[in-house]
Amino acid sequence: MSSSIKHPALSDIFNKDEARVNWHDDTLWWIRAKRDKVAHGISEWEILRETASQIKNNVLSNLHDYLMVFEANAQTNGIKVHWAANAEEHNKIVLSLLQSKGINQMVKSKSMLTEECHLNEYLERNGVDVIDSDLGERIVQLAKEPPSHIVLPCIHKKKGEIGQIFHEHLGTEAGVSDPQILTETARIHLRETFLTRRSALTGVNFAIAETGEFVVCTNEGNADMGAHLAEIHIASMGIEKLIPKKKHLSVFLRLLTRSATGQPITTYSSHFKKPRKGQEMHVILVDNGRSVQLGREDFRNSLKCIRCGACMNTCPVYRRSGGHSYHYAIAGPIGAILAPNLNMKEYSDLPFASTLCGSCTNVCPVKIDIHDQLYKWRQVIVKGGYTSTAKTVAMKVMEFTLSSSTRFKLAGKIGRWTLKNAPFTVNNQLNLWFKNREMPEAPKESFSEWYKKNNK
Amino acid sequence: MSRAAILSAILNNQPKQISLPKDLQFDLPAGAAVTEKFIQMVNLIGGRVVEIQRVEDINLYASEHFGAGERLVTPIEELDFYTPFTGEELPHQFVNTEFAVFETHFAVAENGAVWITEDRMGARVLPFICQHLGMLVSEENIVSNMHEAYNWIGNADYGFGTFIAGPSKTADIEQSLVLGAHGARSMTIFLLKNTF
């Protein structure tokens, strides 16, 4: 998406249809409520969160060694390990693996990393046809849109719209929007895909240093259908996906899906350790800015993220602005603290797309201090001069006013006088605070004036 | 080339050593309470439980639920539809499997999942590609939670292993739950009751 269109403008587009915004808001809140219900059903929930957080802290402090141990163990298991410094290198590795076997069709299960790397576009430019096999991802792929949520890729779409997409691309009857019928249609269409693709790419939820295996979680079974039928399985993972030992999976698998959708566990939690007979298995370890983020003390623990999406479901801004308003592969609060690390100018708007209410931090299963990081990114972005001119001028005026008590008192007087005597100067579309709000009635006096009078 | 650069950047930037937390242990229910919780969770995640006294009881279930022309597959030798595997089979050939049954290592009460490894699958793709899935669980092999589950697995070696919890499902279309996404449309747990 274009870098010139920022979160406020993109939110305006989403907000044109108020009924849809309310529906989107309610749907995500319902998922948040399901998460609460199952979390509250586990008496040791907070212990699990704390333990998961500590394990991830340990991972980040030993990442160098864990990566080397993982690589050695995976190689012993017969997995080929590749290293990619950035998106471009990752994409080239995938393409060269496919080309070495003369393959020009691939089936792919959900991988936010490949969204981050724009793999599909790259492969398509190079003559490789890619089909996303997660139902939600297939829907947005057919609609030529990016996913709007990391767990629920087409959460922004109504079933009528999905029915229309299926009618155009998969030949269902016009007007059919029943989820049962649409899912069955996709099942038949994608079975054909699974059976005819020689290569499958999956994401990685967790990779285990101790054993050199990796775990992929899905509800649909699409990662397994792709991987077990293909002659080459490529698994792409960010370097932060490592965990030290297999037993640590118990903590993360208990937290992941309960936080994500309120389910006790995903339908499939598949542990890939060795390629099957006659199959090639590859893991690509991708940095793409992660080692830089690791060096930013204030922001490094964003790398603890296990991609559950709980912070999005609970975020009052995300729920009302939609995933596409974040113009980055990962939307919501976590995306807003990951994206500026990659490109501070392009994503300078995202840390401001928050009320700093802290709800994201409260639901995060690995205890990332998301709202604190949003606040800290704002300081970095303003100091670095990456904010828009209007925001910079407004902040300068604010600083000028607040740094002197005389100027502050005078500004209060002017404000109260204006609201009382010349409301038309602020009750108009030029004032951003007037949008969707009535301006308040002006009080007769300031708190200081009232205090002086009444506290004698 | 990138390997060295990535590793050196990480070594430069990673914080100083933070130690691992201690392993978690919780007081756990035992006996009938565990079985009851497991059955409850299997039902919740869209599966069903059929209690059996002997492994061969699965034959009756199969004959009642599937027609003569339908392909039934199992690596369990006691069953009438036992299928020998050589390990050389093309996975694609199982596409028309209507029903497949496997013997699990153990089940987990807190989430209704079962753990099965490749050596008990016949072929890796089979538990996923079959239309309907059956899983044999011995009642004494039900653990309470995932911590116990990984203790059970320990250092066991396998090429591929998976927790399966219920039929494949999706809610990607307006959050309406649909069973039978890409994997099995149904999952039946054959719960072999304790005879003592």
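1. Two residues are taken to be in contact if their C-beta atoms, placed from the backbone, lie within 7 Å. On that basis, in this predicted model, the contact between the two chains draws 67 residues from chain A and 61 residues from chain B. On the side of chain B that touches chain A, the elements that give two or more residues are α1 (2-13), α4 (126-129), α5 (146-153), β8 (160-164) and β9 (169-170) of chain B.

2. Strands of a sheet pair through backbone hydrogen bonds, in either a parallel or an antiparallel manner. Here strand β9 (residues 268-272) of chain A and β8(B) run antiparallel and are linked by five bridges. Within this pairing, A:Tyr268 stands opposite B:Ile164 of β8(B).

3. A helix pair spans the two chains as well. Two packed helices are described by the angle between their axes and the distance between the axes. For helix α12 (residues 249-260) of chain A and α5(B), the angle is about 145 degrees and the axes are 8 Å apart. Their crossing is right-handed. From α12(A), the contact involves A:Leu249, A:Ser250, A:Leu253 and A:Arg254, and from α5(B) it involves B:Met146, B:His147, B:Ala149 and B:Tyr150. Five nonpolar, two polar and one charged residues make up this contact of α12(A) with α5(B).

4. Turning to chain A itself, the chain is divided into domain 1 (1-41 + 309-394), domain 2 (44-133 + 198-291) and domain 3 (404-454). The C-alpha centres of domain 1 and domain 3 of chain A are 30 Å apart.

5. Helix α16 (residues 332-342) of chain A is largely enclosed by the rest of the structure, because 10 of its 11 residues are buried. The buried residues of α16(A) are A:Gly332, A:Pro333, A:Ile334, A:Gly335, A:Ala336, A:Ile337, A:Leu338, A:Ala339, A:Pro340 and A:Asn341. They pack against α13 (290-294), α14 (310-314), α15 (316-321), α17 (359-363) and α18 (370-383) of chain A.

6. A further helix pair lies within chain A: helix α9 (residues 159-170) and helix α10 (residues 179-196) pack at an angle of about 35 degrees, with 11 Å between their axes. The crossing of α9(A) with α10(A) is left-handed. On the α9(A) side, A:Lys159, A:Ile162, A:Gly163, A:Phe166 and A:Leu170 take part, meeting A:Pro179, A:Leu182, A:Thr185 and A:His189 of α10(A). The contact of α9(A) with α10(A) comprises five nonpolar, three polar and one charged residues.

7. Chain B contains an open sheet of five strands in the order β1-β11-β6-β3-β2, with parallel pairing. Its edge strands, each pairing on one side only, are β1 (48-52) and β2 (71-73) of chain B. From one strand to the next, the twist averages 20 degrees. Strand β3 (residues 97-103) and strand β6 (residues 132-138) of chain B pair in the parallel sense over five bridges, and B:Val101 has B:Gly134 in β6(B) as its bridge partner. Helix α3 (residues 57-65) of chain B packs on the sheet and touches β1, β2, β3, β6 and β11 (186-192) of chain B. The direction of helix α3 of chain B makes about 130 degrees with that of β1(B).

Technical notes: Residues are numbered from 1 along each chain as its sequence is written. Chains are lettered from A and ligands numbered from 1 in the order in which they are written. This is a predicted model: local features need pLDDT of at least 70, side-chain atom pairs count only at pLDDT 80 or more; totals for chains, interfaces and linings use all residues. Helices (H or I, at least four residues) and strands (E, at least two) are DSSP runs, numbered from the N terminus. Two strands pair if DSSP finds at least two bridges between them. A residue is buried if 20 or more other C-beta atoms lie within 10 Å of its own, exposed if 12 or fewer, and partly exposed in between; C-beta atoms are placed from the backbone. Domain bounds come from an automatic or database domain assignment. Axes are lines fitted to C-alpha atoms, for helices over the stretch in contact, and angles run from 0 to 180 degrees between N-to-C directions. A crossing is left-handed if the near helix is turned anticlockwise from the far one by less than a right angle, and right-handed if clockwise. Ala, Val, Leu, Ile, Met, Phe, Trp, Tyr, Cys and Pro count as nonpolar, Asp, Glu, Lys and Arg as charged, and the others, Gly among them, as polar.
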